[in-house]
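These are my notebook entries on one protein structure. I record what I looked up, entry by entry.

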Amino acid sequence: MSWKGKFSLIILLILLSATLAYMFRPGYDQVWSGDIIDTIKLPQPIIKGNMSVEEAIHDRRSIRTYSSAPLTLEDISQLMWAAQGITDSSRNYRTAPSGSHTFGLEAYILIGNNNNLEQGLYHYNPFNHTLEQLTKDDVRSKLSEASSSQEWVEKAPVDIIITGNYQKFVDKYHDEKLSARFINNEAGHAGQNIYLESVARNLGTVAIGSFDDEKIHDILPIPSIEKTVYVYPVGHKID
Ligand SMILES: Cc1cc2nc3c(=O)[nH]c(=O)nc-3n(C[C@H](O)[C@H](O)[C@H](O)COP(=O)(O)O)c2cc1C
């Protein structure tokens, strides 16, 4: 083969591998690829409670001591809905705002062994208000270790984990700084909803931002495209 032929072949191979790499890049649609052990239909969220939004804002505090009492399925339903529930089904808009309605967050809940649901990690599916069970392991102590050994992560009956799919924003805006800002801000809105819903249900929670992201991903089978933004232990507060 002439050198021109070889050169064209090399260019062709480079173009082909670049195209394949682009086509099979980890896209933002990458989701849990393992089996879903079980799907739990959550009770319909209630939108009328006993407390005004002003009272909930006023009474909100970070709570780090919980009794061992389990949460009810209604508690779990309200918390997940508050974090990421769909409130406008015609456009799939959610309880928390999202820059350019990109919706880059995912919500998970780690259920401990003393609860009304089987222990394990569940992914919240906002589109049908269900929990998808991904594992059967109670790894709260490992999650606590990964969270600077904060004991409230282990002691709470459940831990909500909010992750962000930064790639979803990067694909849209082609700006990594803006994407990180947007997803972190979005998580702040979802997190405040978890706080306020907890107050309204007489539960306690605290935003956990101090953790080792990579350790969390070693413990929990969260898709690699997502990054943990927050952990929220939730339980019945001890006054
Ligand atoms: C981004 C962020 C990260 C936080 N990380 C932690 C944490 O890792 N552990 C913790 O106990 N509290 C954490 N907190 C809670 C703060 O300590 C708490 O909000 C602050 O002390 C004020 O108390 P308040 O929430 O009761 O008003 C965090 C709060 C925010 C906003």
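I began with a term: a nonpolar core is a set of buried Ala, Val, Leu, Ile, Met, Phe, Trp, Tyr and Cys residues joined through C-beta atoms within 7 Å. A residue is buried if 20 or more other C-beta atoms lie within 10 Å of its own, exposed if 12 or fewer, and partly exposed in between, with the C-beta atoms placed from the backbone.

I noted that this is a predicted model, in which local features need pLDDT of at least 70 and side-chain atom pairs count only at pLDDT 80 or more, while totals for chains, interfaces and linings use all residues. Residues are numbered from 1 along each chain as its sequence is written.

**Entry 1: the whole protein.** I found eight helices and nine strands in the protein. Helices (H or I, at least four residues) and strands (E, at least two) are DSSP runs, numbered from the N terminus. Along the principal axes, the C-alpha atoms fill a box of roughly 85 × 35 × 30 Å. Of the 239 residues, 38% count as buried.

**Entry 2: the core.** Which residues touch the most other members of the largest nonpolar core? I recorded I109, I160 and I162, in a core of 54 residues. Helix 7 (residues 176-200) supplies the largest share of this core, with seven residues.

I then looked up the contacts of I160; two residues are in contact if their C-beta atoms, placed from the backbone, lie within 7 Å. Not counting residues up to four places away in sequence, I160 touches L79, A83, A107, I109, I194, Y232 and V234.

**Entry 3: strand 7.** Why is strand 7 (residues 158-164) largely enclosed by the rest of the structure? I found that seven of its seven residues are buried, so the strand is largely enclosed. Both faces are covered, with V158, I160, I162 and G164 on one side and D159, I161 and T163 on the other.

I checked its partners next; two strands pair if DSSP finds at least two bridges between them. Strand 4 (residues 105-111) pairs with strand 7 in the antiparallel sense over seven bridges, and I109 stands opposite I160. Strand 9 (residues 227-236) also pairs with strand 7 in the antiparallel sense over seven bridges, and there K227 is the bridge partner of G164.

**Entry 4: V158.** V158 is buried, because 25 other C-beta atoms lie within 10 Å. I noted that V158 and I76 are 82 residues apart along the chain, yet their C-alpha atoms are separated by 9.0 Å. Leaving aside neighbours within four places in sequence, the contacts of V158 include L71, I76, I109 and V234.

**Entry 5: two helices.** I compared end-to-end distances with the expected span, which is 1.5 Å times one less than the number of residues. Helix 7 has 25 residues and reaches 36 Å from its first C-alpha to its last, close to the 36 Å expected. Its buried residues include F182, I183 and I194. Just after helix 7, N202 takes a positive phi of about 60°.

Helix 3 (residues 73-84) has 12 residues and should span 16 Å, and its end C-alpha atoms are 16 Å apart, which agrees. Helix 3 is mostly covered, as 10 of its 12 residues are buried; among them are I76, L79 and A83.
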